[in-house]
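Hi,

Here is the structure I said I would pass on to you.

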Amino acid sequence: MTIIQFLNNLIFFRVETEYPKILIFGQPFNDFSGGGITLTNLFKGWPKEKIAVTYLGHGLISVTTDVCDTYYQLGEKEHKWKFPFSLIQKKFQSGLKTFEKKAETSTGLSKKGLRYFIVNKLFYPTLEWFGLFHCVSRIELSDDFKRWLSEYKPGLLYVQVATRETLLFATDLLDYLKVPSAIHNMDDWPSTISSKGLFRNYWKRKIDGEFKKLLSKMDLFLSISEAMSTEYRKRYEKEFRPFHNPIDTKKYKGLRKREFAVDNMLKILYLGRIGMANKESLTLFAQAVSKWNRKNPRVCLDIFTPDLESPDSKRIRNLNNVRMSLPVKHEEVPALLADSDLLLLPLDFSKVGLSYAQYSIPTKASEYMMSGTPILVFAPSNTAIVKFCNTHNCAFCLTIADVNEIYRVVDFIIENEEMRESLTQNSTEIASIFFEATVVREKFQKLLSGLVNK
């Protein structure tokens, strides 16, 4: 296809395609989480009056309203907990949620006091261990919610699910609406949803069956990477199409490095969440950096994360040569990435961490690649991100979780300026091919609209 033909196709799509009213369940729009950022970049340009989100109250925090400003909060009328667990659960009001301009922060941070500790560190783990976590609560279609659905009249349903209660609700919602639907998996949660507790095997089998039932009702299947699509094709016998976080490459023009020399300081940057998929690898890397004893160049690890107060962050934020800060605004990310010498992308080597992220490509990967700064992927060799970077020769890959290996690879990166420049040039070219927002977004929205406008 020529460039002229491609542009003509885009123009035809914009003029002829009618966007259906879409209801999104399972992920709100935001600018601090991988799912929220990806959702924003994929749905940008969809008519605002034809897009709405419904989700649980605890997830509608620091949402953004530039792409969508209609949010129905599934509160106490829909989210039901069994007694006596209902006594300690925070109650949210059901109904449309209103947002004052700039009333909420974009960091995703909230105050975490004694109640947060009791619920998340004691209550939920106990329920999981005794096999109760997957059956003590349920989301129901309340009369109020049904009335709102009748008024909004969605013609299309897009869902992301990651728990049993959201899975079951998505099934009920689809049965009630009877409209075309799409499901988008951001990570391999089915492999880790029941990995602990006395009844983990029972729940894994049961939830797997329920997930397959949901898939049997869906019309379009989306994943986050080619590796996930390949695995899910084998596992579920469904044709999943990969859609990763797209980026506006124009934001990075003029920021690319002209000089790749490292003088007195190698500035390493990690940007994002600290959690189940990466906390062990990030901690190990930070510990290695803290013991760096060379004076020329010195090494500094800068971490920008919304999880500043988490236990995992507290273990590393006071280490030598490590600086930790809250996230910058999303529009400031390109300049921050370009100002560093090396971008760190860690994933855990543990069984649980690998199961969760093996087929995922982190949201930040496309932004890293377009920044013009060399990338160090610190992850197992069989992860999707390592395979992608090795295939396209666009990043340094460290696939052994060992402090001495970290020193060896960092030394190699410092000493090979030409290779840093070569890999960076490859990464920007690959990002322009695979992740350019105008191309990916048009393809994504055309697929969704095509479910209705056949």
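Below is what turned up, grouped by region.

Before anything else, please keep in mind that this is a predicted model.

Let's start with W292, as several findings come together there. You'll find W292 in the loop between α8 (279–290) and β12 (298–304). Its relative accessibility is 12%, so W292 counts as buried, the cut-off for that being under 20%. What does W292 touch, once its neighbours within four places in sequence are left aside? The list is P297, R298, V299, N321, Y407, V410, D411 and I414.

A polar atom of the W292 side chain lies 3.1 Å from the backbone oxygen of P297. P297 belongs to the loop between α8 and β12, and the peptide bond that joins N296 to P297 is cis, with omega at about -5°.

Now for the charged pairs. As a general point, side chains of opposite charge can pair when their charged atoms come close. How many salt bridges does a search of the whole structure find? The count is 19, and here are a few of them.

One is K217 with D175, where the closest N and O atoms are 3.2 Å apart. This pair ties together distant parts of the chain, with K217 in helix α6 and D175 in helix α5 (residues 164–177), 42 residues apart. K217 is partly exposed, at a relative accessible area of 30%, and D175 also counts as partly exposed, at 33%.

Another is D188 with R235, with 3.0 Å between the closest N and O atoms. Here too the pair links distant parts of the chain: D188 is in the loop between β8 and α6, while R235 is in helix α7 (residues 226–236), 47 residues apart.

D339 lies in the loop between α10 (333–338) and β14 (342–346), and K267 is in strand β11 (residues 265–271), which puts them 72 residues apart in distant parts of the chain. K267 is partly exposed, with a relative accessible area of 26%. Besides these pairs, K77, D144 and R147 are linked in a network of salt bridges.

L198 is found in the loop between β8 (181–184) and α6 (200–217), and L198 counts as exposed because its relative accessibility is 53%, the cut-off being over 50%.

K153 is not a glycine, but has a positive phi of about 55°. K153 lies in the loop between α4 (143–152) and β7 (156–159) and counts as exposed, at 60% relative accessibility. N393, also a residue other than glycine, has a positive phi near 50°. The place to look for N393 is the loop between α13 (384–392) and β16 (396–398), and N393 counts as partly exposed at 41%.

Cheers

Key: Residues numbered from 1 in each chain as written. Predicted model: local features only at pLDDT ≥ 70, side-chain atom pairs only at ≥ 80, totals over all residues. Heavy atoms only, no water. Helix = DSSP H or I, 4+ residues; strand = E, 2+ residues; numbered from the N terminus. Buried < 20%, exposed > 50% of the residue type's maximum accessible area, 1.4 Å probe, protein only. Contact = heavy atoms within 4.5 Å. Polar contact = N/O pair within 3.5 Å; in protein donor to acceptor, adjacent residues only side chain to side chain. Salt bridge = Lys/Arg side-chain N within 4 Å of Asp/Glu carboxyl O.
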